Amino acid sequence: MAVADLQCPNLAVEIAGVRFKNPVLTASGTFAYGLEFAHLMDLNAIGGIVVKGLSMKPIKGNPPPRIYETASGMLNAIGWQNIGAVEFVTKKLPGLRKYDTRIVVNIVGFDLNDYLEVTRFLNDCPGIAALELNISCPNVKKGGFHFNKNPHDAFEVTSRTKAASSRLPLWVKLSPNVTDIGEFARACEDAGADALSLVNTFVGMAIDVENKRPRLRYGTGGLSGPAIKPIALRMVWEAARVVRIPVIGVGGISNTGDALEYLIAGARAIQVGTANFYHPAASEQIARGLGEYCRSHGIGDINEIVGSLKI
């Protein structure tokens with residue numbers, strides 16, 4: 001291996017025909033629309049930004065309180081609050097396009113028509129690298145996770161949305177609140193998904209013992225953060241073993257070591273989520289850390305690590 005390769009290892013990864021300069025992305029719902037973090041870190045240092053879930057029309061979200069800190073994690077029940085696709089494209093996307101970082105848009109919907117409408121609109125917008133189909137949010141009364149309760153439903157919504165996304169690759173974000181993650185992964189692959197993101201949050205709850213009421217107004221919420229990493233990591237490994245399309249690992253990643261575990265388990269890339277709340281530059285630090293790891297271990301290409309788990 002050439003000395004130059006060790007001094008400047010290749011960190012680029014390809015997902016569904018799209019090249020990312022490195023495998024570090026931010027997770028939807030934890031990094032706003034990206035621009036809000038520009039004064040806190042170098043947005044050019046990471047491979048991609050997955051923006052807050054977008055619907056065609058603005059959504060107010062659930063009433064507060066809707067975030068609660070737990071041991072080694074966080075519960076949230078935001079409920080898809082967002083500015084709507086039109087405002088995102090006119091007011092946020094132009095600023096994001098100034099950065100050398102891929103933009104992935106997470107899309108949400110209360111029914112199939114909602115997904116199709118926002119997909120068709122965004123499919124015609126330059127500057128977007130891929131769409132991430134969110135069928136796994138546990139914090140809405142309908143839509144979201146309700147499409148991830150049965151593999152046949154996951155297949156149907158993926159197939160129809162993929163048909164509406166003629167230009168952009170379609171990633172599908174899967175829920176961990178299922179019995180067999182591999183079954184859902186295969187269903188989405190068979191339906192035409194170009195990649196899979198997993199996992200979304202686990203359904204959890206916290207109670208105020210003095211008032212005997214849930215800490216979240218919604219009742220339950222999605223648990224994220226370091227507490228879920230071992231389970232999420234296992235699910236990524238299981239999914240990567242049964243599909244041929246790329247898998248993006250999500251769940252409790254807060255440092256370079258965490259990211260490496262996911263890559264070794266079979267993830268082509270990773271997303272940093274809850275860590276953004278307490279360490280806004282976490283994704284930048286992880287991206288730089290991956291380069292340092294490759295140099296110190298004589299690895300010329302980050303892709304050599306992907307799926308290298310020995311059992």
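Helices (H or I, at least four residues) and strands (E, at least two) are DSSP runs, numbered from the N terminus. This is a predicted model: local features need pLDDT of at least 70, side-chain atom pairs count only at pLDDT 80 or more, and totals for chains, interfaces and linings use all residues. Residues are numbered from 1 along each chain as its sequence is written, and side-chain values use heavy atoms, with hydrogens and water left out.

**Exercise 1. Backbone angles**

Task: Find where S72 and W80 lie, and state the phi of each.

Solution: 
- Step 1. The loop between β5 and β6 holds S72.
- Step 2. Read its phi. S72 is not a glycine, yet its phi is positive, about 60°.
- Step 3. The loop between β6 and α2 (85–96) holds W80.
- Step 4. Read its phi. W80 is not a glycine either, and its phi is positive, about 65°.
- Step 5. Most residues other than glycine have a negative phi.

**Exercise 2. Cis peptide bonds**

Task: Work out what omega is for the bond from P64 to P65 and for the one that joins L198 and V199.

Solution: 
- Step 1. From P64 to P65 the peptide bond is cis, with omega near 0°. P65 sits in the loop between β4 and β5.
- Step 2. L198 and V199 are joined by a cis peptide bond, with omega about 15°. V199 sits in the loop between β10 (195–198) and β11 (202–204).
- Step 3. Recall the general rule. Most peptide bonds are trans.

**Exercise 3. Buried or exposed?**

Task: Sort W80, I67 and K212 into buried, partly exposed or exposed.

Solution: 
- Step 1. Buried means under 20% relative accessible area, exposed means over 50%, and partly exposed lies in between (1.4 Å probe, protein chains only).
- Step 2. W80 has 8%, so W80 is buried.
- Step 3. I67 has 42%, so I67 is partly exposed. I67 lies in strand β5 (residues 67–70).
- Step 4. K212 has 69%, so K212 is exposed. Its place is the loop between β12 (207–208) and β13 (213–214).
- Step 5. K212 and A269 are 57 residues apart in sequence, and 42 Å apart in space, C-alpha to C-alpha.

**Exercise 4. Two pockets**

Solution: 
- Step 1. Define a pocket. On a 1 Å grid over the protein atoms alone, where a 1.4 Å probe fits, a pocket is an open set of points with protein on both sides within 12 Å along at least five of seven lines; lining residues have an atom within 4 Å of a point.
- Step 2. Of its 14 lining residues, Y99, D100, T101, R102 and I103 lie nearest its centre.
- Step 3. β2 (18–20) and β7 (102–107) each give two or more residues to the lining of the second largest pocket.
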